[in-house]
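Reader: I have a structure to examine and would like to go through its architecture with you. Could you take my questions in turn?
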Amino acid sequence: MSVTAAKGFTAAGIAAGIKQNGNPDLALVVNTGPRRAAAGVFTSNRVKAAPVIWSQQVLADGELTAVVLNSGGANACTGPKGFQDTHATAEKVAEVLSARGADVGAGEVAVASTGLIGILLPMDRLLPGVEKAAAELSEHGGEKAAIAIKTTDTVHKTSVVTKGGANGGWTVGGMAKGAGMLAPGLATMLVVLTTDADVDAEGLDSALRGATRVTFDRVDSDGCMSTNDTVLLLASGASGVTPAQDAFTEAVREVCDDLARQLIGDAEGASKDIRIEVVNAATEDDAVEVGRSIARNNLLKCAIHGEDPNWGRVLSAIGTTGASFEPDELNVAINGVWVCKNGSVGEDRDLVDMRYREVTVTADLAAGTESAVIWANDLTADYVHENSAYSS
């Protein structure tokens, strides 16, 4: 049920005609309360799409009533007109929801867009689409909303976690899109998370930042950072339950982790999902830096696609970082086989079985006790084709 698994939310997903192929391309998520607390995290790219700038502004007071999302166009690098279109979209959502008795202002509406950069959205189709989506809002509309935000995604992505008993239960649900431009600084993704827990904006912000730091921020499929990354968390308070902050943060992390894995599993052209675990680092920052360097090594990504356990490329990637380590103390395992020990030849590389979708690379820095996990993909001809044969 995605974003409508939590009580106090309705959603819809429709085809507004933004995409030329006629597929669903507009989603609407509405918080019916009683609480309307919200938090968000966004791309760290200095080139930000108009919807990102708008949504950052409207979140300043920690409240949202609705989120409108479109695929088929990023509305990025579109100048003042692009921002005006974002504002007009929020105004339209506020108008149609108020006409249905909700009394919503544009400043309570977040906007998110995804698709091709540098083209203006067809507002003559998008705005009537908002009216259509509002008419189809439903407590069962979460899946349709998730389908409507796909771009090059082959599947829609949803996740739900419920905590507590029948009389004291609360839920966190979510939907995500993303298949390319997946790199730290979030990813080229739109994510909406909802909860019926009674949590204020400060608690939501803390939980969301704690969760995204170790999930979405550690997805690095192709090293490309998007202009549109948006992750929103909305709370309705409809369960009447205020969970402990630690428990709430963990539930948000579980949903984010599940969605992040789904993003990696659907990455453009990928045939392997690569789990890069850096252990025994001096600091967590060192572990993350090394993991990202390994994730972005195209030679290694090609080797893994060819099922070649080329550990030399792992050491080469580690050596480009500023992390603390001694080269002759490095150890590397691929799918559990320590093919490199003490910076040199380890176990027989022929023992490494790489036939399956998931490949694990473990880099032991022998410099401390900290660790981190980064998820990446292999580099394939299909990825090159998908990103060269047409605009994406």
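Reader: In which sense do strand 2 and strand 4 pair?
Author: In this predicted model, strand 2 (residues 26-31) and strand 4 are antiparallel partners, joined over 5 bridges. As one of the residue pairs, V30 has A66 of strand 4 as its bridge partner.

Reader: How many residues of strand 4 are buried?
Author: The count is 5 of the 5 residues of strand 4 (residues 66-70), so the strand is largely enclosed by the rest of the structure.

Reader: Which of its side chains point which way?
Author: A66, V68 and N70 point one way from strand 4, while V67 and L69 point the other way, and all of them are buried. In a regular strand, side chains alternate between the two faces of the sheet.

Reader: Changing topic: what is the strand order in the open sheet of 5 strands?
Author: The order is 3-9-8-7-6, and the pairing is mixed. Strand 3 (37-42) and strand 6 (157-163) are the edge strands, each pairing on one side only. On average, neighbouring strands of this sheet are turned by 10 degrees against each other, direction ignored.

Reader: Strand 8 and strand 9: parallel or antiparallel?
Author: They run parallel, with 6 bridges joining strand 8 (residues 190-195) to strand 9 (residues 230-235). V191, for instance, has V231 in strand 9 as its bridge partner.

Reader: Which strands does helix 6 lie across?
Author: Helix 6 (residues 245-265) lies across strand 6, strand 7 (170-177), strand 8 and strand 9, and runs at about 155 degrees to strand 6.

Reader: What about the open sheet of 6 strands: what is its order?
Author: That sheet has the order 13-12-11-14-10-15, again with mixed pairing. Strand 13 (344-345) and strand 15 stand at the edges with a single partner strand each, so one side of each is left without a neighbour in the sheet.

Reader: How do strand 11 and strand 14 run?
Author: Strand 11 (residues 331-334) and strand 14 run antiparallel, joined by 4 bridges. The bridge partner of A333 is T362 in strand 14.

Reader: Where does helix 7 pack on that sheet?
Author: Helix 7 touches strand 10, strand 14 and strand 15, and its direction makes about 20 degrees with that of strand 15. Helix 9 also packs on the sheet, touching strand 11, strand 12 (337-341), strand 13 and strand 14, with its direction at about 135 degrees to that of strand 11.

Reader: Staying with helix 7, what is its span, and which of its residues are buried?
Author: Helix 7 (residues 284-295) has 12 residues and reaches 16 Å from its first C-alpha to its last, close to the 16 Å expected at 1.5 Å a residue. Its buried residues are D286, A287, V288, V290, G291, S293, I294 and A295. Beyond strands of the sheet, these buried residues pack against helix 8 (298-305) and helix 9 (311-318).

Reader: Finally, how many disulfides are there?
Author: The count comes to 0 disulfides, taking as the rule a pair of cysteine sulfur atoms within 2.5 Å.

Key: Residues are numbered from 1 along each chain as its sequence is written. This is a predicted model: local features need pLDDT of at least 70, side-chain atom pairs count only at pLDDT 80 or more; totals for chains, interfaces and linings use all residues. Side-chain values use heavy atoms; hydrogens and water are left out. Helices (H or I, at least four residues) and strands (E, at least two) are DSSP runs, numbered from the N terminus. The expected span of a helix is 1.5 Å times one less than its number of residues. Buried means under 20% relative accessible area, exposed over 50%, partly exposed in between (1.4 Å probe, protein chains only). Contact means heavy atoms within 4.5 Å. Two strands pair if DSSP finds at least two bridges between them. Axes are lines fitted to C-alpha atoms, for helices over the stretch in contact, and angles run from 0 to 180 degrees between N-to-C directions.
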